[in-house]
Amino acid sequence: MSGNKIKFLTYYLPQYHPIPENDLWWGKGFTEWTNVTKAKPLFKGHYQPILPGELGFYDLRVPDTQEKQAQLAAQFGVDGFVYYQYWFGDGKMLLEKPAEAMLSNENIKLPFCFCWANETWKGIWHGLDNPDVLIEQLYEGEKGYRAYFDYLLPFFKDERYIKVANKPMFHIYRIEDIPDLDLFLKLFNTLAINEGFGGVYFISTVVSSVDVVLNNTSIYGQIGMDVFRKMRYEKKSLFKPRSFLGKVGNKLKQKLTASYKIGVRKKPLIFDYKKGVSNFNINFPNTKYISCVFPNWDNSARSGKKSLIFKNANPTTWQEHLQVAVNQLIKNNNNPQFIMIKSWNEWAEGNYLEPDVKYGLEWLEAVKKVKEKLN
């Protein structure tokens, strides 16, 4: 990607096909749809289950599905998918097949890149009370990182892979968890340069302190922490002082933060979408900041009573939220010209752009309307 035109990139979840590990942990044939179809309302007026529209309950093993997704995204102003990637070390990967299929499918034209979702998987994230580790994220040092880079290289070399100044864009979910971060960053940059690239365009997704990113010259971009991470980590929070609930004292704010921790809360946290997202309309803290916005959020399909719900989300309020982010970026034209949208298809989190039963294409139409104003 080149030029100064603002690009909309959206995270893409590949958990829409069975894998042996999920069969073992959750039952035969488990996919993201398993939780989606089990969802039930938790309070009066709660809209659940949230069900897919024209794309249906798709299976990513079917090539036509990914082709339709890419066509739909491009048609409505989405400039690229950011595939979540699960590399656990020791050569172990999960849910890698959709990206591999996309790489070999010439009918898919949409640009893409990866987000390394470097996090240990625990049963607690699917609403269970136990914190058992399902699969652990490992860091193996230079040998493991070289193997990972070698796996990524065919994707990096693909003409569709998103690049900035000849640097493949590579998101890292939890960059602070990498124990030998300097080694990792320097090695990836060196290996990329050896392959004819300008290095790697790293983007940190979740950080507890902007200093972690700003003090490391190997990293160029930084995404604002997404909604649930903002609520869990408040050491240097980007919250406005008024918080979601208006003028609240420190004690209540601390209680709110503590109550969101999985396993502590006994009932869902519920916020009004329009009021809630207004707290994410911050002044850019530095020239490396990239906005992250979201059209909707209701992860009760996955987490039940431990969920986080932004009620009253609709395509109109989503369009307003996205427009504010665009206006902010226009005023900060020295920042990377990207806006991250979370997400394309995280259906069990009620967080998606794809057509649904209730609103059809309107979530995507909102994106297109904002995009058209830029042209």
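Modeller: Start with Cys113. Its relative accessibility in this predicted model is 0%, so Cys113 counts as buried. The cut-off for that class is under 20% relative accessible area. Cys115 is buried too, with a relative accessible area of 0%.

Now the sulfurs. A disulfide is a covalent bond between the sulfur atoms of two cysteines. The structure holds 0 disulfides. Cys113 is in none, and the nearest cysteine sulfur to its own belongs to Cys115, 8.2 Å away. Turn to Cys115: the closest cysteine sulfur is that of Cys113, and 8.2 Å is too far for a bond. The reasoning rests on one cut-off: a pair of cysteine sulfur atoms must lie within 2.5 Å.

Next, the helices. Helix α4 covers residues 97-104, and helix α5 covers residues 141-157. Their axes come within 10 Å and cross at roughly 40°. Angles under 35 degrees would count as roughly parallel, and 65 to 115 as roughly perpendicular. The pair α4 and α5 is therefore oblique. The crossing of α4 and α5 is left-handed.

Which residues make the contact? On α4 they are Ala99, Glu100 and Leu103. On α5 they are Tyr151, Pro154 and Phe155. By class, the contact of α4 with α5 has 5 nonpolar residues, 1 charged and no polar. The charged class takes in Glu, so Glu100 of α4 is the charged residue of this contact.

Notes
Residues are numbered from 1 along each chain as its sequence is written. This is a predicted model: local features need pLDDT of at least 70, side-chain atom pairs count only at pLDDT 80 or more; totals for chains, interfaces and linings use all residues. Side-chain values use heavy atoms; hydrogens and water are left out. Buried means under 20% relative accessible area, exposed over 50%, partly exposed in between (1.4 Å probe, protein chains only). Axes are lines fitted to C-alpha atoms, for helices over the stretch in contact, and angles run from 0 to 180 degrees between N-to-C directions. Helices (H or I, at least four residues) and strands (E, at least two) are DSSP runs, numbered from the N terminus. Angles under 35 degrees count as roughly parallel, over 145 as roughly antiparallel, 65 to 115 as roughly perpendicular and the rest as oblique. A crossing is left-handed if the near helix is turned anticlockwise from the far one by less than a right angle, and right-handed if clockwise. Contact means heavy atoms within 4.5 Å.
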